[in-house]
Amino acid sequence: MSQTLIEKIAQRYAVGQPPGHRVRAGDFLSIQPAHCMTHDNTAAVIPKFRSMGATRIANPRQPVFCLDHDIQNTAPENLATYATIEAFAREQGIDFYPAGRGIGHQVLIEEGYVLPGTLVVASDSHANMYGAIGALGTPIVRTDAAAIWATGRTWWQVPEIVQVYLEGRLGPGVTGKDVIITLIGLYCRDEVLNACIEFAGPGVAALAMEERMTIANMTTEWGALAGVFPCDEVTLAYLRTRVQVLEQRSPRPQRLAPQVLTELAATPLCADPDAHYAKVLALDLALVRPRVAGPNEVKSTRSVAELAAERIRVDKAFLMSCVNGRTDDFAAAAAELRGRQVAPHVQLFVAAASSEVEQEARRRGDWQVLAEAGAKFLPAGCGACIGLGAGVLTDGEVGISATNRNFDGRMGSRKSQVYLASPAVVAASAAAGYIAAPQWAGNSVSTSDELTPRICSVPRPAQPAQRVELLAGFPGVIRGELLWVPKDNLNTDGIYGKEFTYKTLPPEEMAAVVMRNYDPEFQELAQAGDLLVGGYNFGCGSSREQGATALKFRGIGLVLAGSFSQTFSRNAFNNGFICLECPALVDSLRQAFGVRNERTLRTGWQATVDFGASAVSVVTAAGAQVFRYPPLGIVAQELIVAGGFEAVLRRTLS
């Protein structure tokens, strides 16, 4: 069976698979990633690690600690937290990078932890950035990080995989930030939600490594769980440069020794020509123009020329973060500001993605240009991007930022507005005092929209039906009436309201309030043993695990949906609760019941979920139907039998 690049990398790092099994989208895997990065949240992972009964890190070379988020905070409490993390790293023999070295994702790439064909995870949503190097980088939650520390492993369900086919090459001055903002705005109907992306096509070769880092990083904001570029000559050339930099050290890290590059060049991992992708999206890079996202919405994008015509005043400008805090970014900003001054009413804040980037920008002279223009410099790392430290936005202020997120309140006050753009646009806007096009653009920046979505959906070839081996203690079948909740994007606030999230309630009280925000009549309609069927992207929004556990406590047998938020599904299985993706069943219910006023509907359809056959058999007044779903393998079954992930880990450690 042919495989995508992502499936091949997942295969390489999967453990305990049956002999001859070929990993494919939908599979539940036990994975042993090459590395696991945690940052300031390491302090929250340590007690989870200890609560599992663990005392020693299984493989001290696997975790990496990077302090990067709240580094401007010199309060005794924060300094004590940082000291605790450093002491734990020293005790366990873990690689540790202190505050000021840089943002963890940038540091991992610079230090050679991320290599083509590797699986590297982080307890941070922008782990997608590792895909620029040809690695499968994906975020995990803190329980996963503790599990990796304790056992070297965690579990992962391979998402559907979407190919983004790039043609042409970027015009002068157009950047990787413009590419990803264009993609997010062009394909803004959840085309890649909870999927993994593989970039392909002749346009890839024309993208520099830093452009790839920007694009891969912001696949997170696009809704994807990974964004992976192929390993090509651009990748290898970048890694050769990194080898030269690291060769000046004594001792040099062996993880990026010259022989490693020789092996990578000789045996590159790549997708099979006939690999299956759930969708193929296309973009002609030659048609990309400078674009801006916002305010306070990543998917709302407009040309910079259109916004420039409106002369939208800005109060603060930001050149920083893991998406656009690198040397080429500062060079572009310096080219725009050379000989100019930041407007009197604007503050321009600058922070490099790493101390190494800052040193190189200083060597090139770009740092000095920014200083002469009036920039205010912050230490290498995170900061205003996540609403911490100097420069955060206050009520009524407008920011133009080269960061990756502009959610309400992300960079300060919820009453502020944030626009996202490339470093050149940010610099031009800082000098003009309003959102402005770069000087180099002249009249070439068009307000017209030449792009239209080009999507090809590809149904997966039918697989021969086969019986799934079931673990002892795992149910062969579950039966119940289908309880229809016909809403797409039902978020966790609707399932379990925020007024209860931070209260410690016993299971029976959690059960009594579940779904109340979505439908006050749910409690009267739902019965123990019902099989709840939701729409698409069920459980999106907040990562609160009570969204899953409260349904379990209410007596819901399991949840079926067209698709799930990856975080909801993970929380469910981590707590021993079954979620099954069955879009054909959802579509059949929609056809049968049409558009109704009811938020919750008892269907009268009796269903039998046969886990051995990976099928849902439904009996209605019109007859019987069978709907198939991806099989639940041993890894998923083990989570259910044990009652959740922590129980599995405790059993493993004991």
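Good morning, colleagues. By helices I mean DSSP runs of H or I of at least four residues, and by strands runs of E of at least two, both numbered from the N terminus.

A word on the source. The model is predicted, with local features needing pLDDT of at least 70 and side-chain atom pairs counting only at pLDDT 80 or more, while totals for chains, interfaces and linings use all residues. Residues are numbered from 1 along each chain as its sequence is written, and side-chain values use heavy atoms, with hydrogens and water left out.

Let me continue with H22. Helix H22 spans residues 583–593, and its buried residues (under 20% relative accessible area with a 1.4 Å probe, protein chains only; exposed is over 50%, partly exposed in between) are Leu 585, Val 586, Ser 588, Leu 589 and Phe 593. Viewed down the axis of H22, these buried residues fall within an arc of 160°, so they line one face of the helix; the arc is that of the directions from the helix axis to the C-beta atoms. Among the elements that cover the buried residues of H22 are strands E21 (477–484), E25 (601–610) and E26 (615–620).

Helix H10, residues 258–266, has Val 260, Leu 261 and Leu 264 as its buried residues. They cover an arc of only 95° around the axis, which puts them on the same side of H10. Thr 262, Glu 263 and Ala 266 are exposed on the other side of H10. The buried residues of H10 pack against helix H9 (233–247), where contact means heavy atoms within 4.5 Å.

I turn to the aromatic rings. How many aromatic pairs does a search of the whole structure find? The search finds 19. Rings of Phe, Tyr and Trp (its six-membered ring) pair if their centres lie within 6.5 Å; planes under 30 degrees apart count as stacked, over 60 as edge-to-face and the rest as tilted. Phe 49 and Trp 149 have ring centres 5.7 Å apart and planes at 65°, so this pair is edge-to-face. Phe 49 lies in helix H2 (residues 42–51) and Trp 149 in helix H5 (residues 142–151), so the pair ties together parts that are 100 residues apart in sequence. Phe 49 and Trp 149 are both buried. By contrast, Phe 564 and Phe 568 form a stacked pair, 6.1 Å centre to centre with 0° between the planes. Ring pairs also link Phe 49, Phe 65, Phe 88 and Trp 149 into a cluster.

Helix H2 also holds Val 45, which counts as buried at 0% relative accessibility. Leaving aside neighbours within four places in sequence, Val 45 contacts Thr 38, Arg 142, Ala 145, Ala 146 and Trp 149.

Finally, the strands. Strand E15 (residues 316–319) pairs with strand E16 (residues 347–350) in the parallel sense over four bridges, pairing being defined as at least two DSSP bridges between two strands. Phe 318 has Phe 349 as its bridge partner in E16, and Phe 349 has Lys 376 as its bridge partner in E17. Strands E16 and E17 (residues 376–377) run parallel and are joined by two bridges.

Thank you for your attention.
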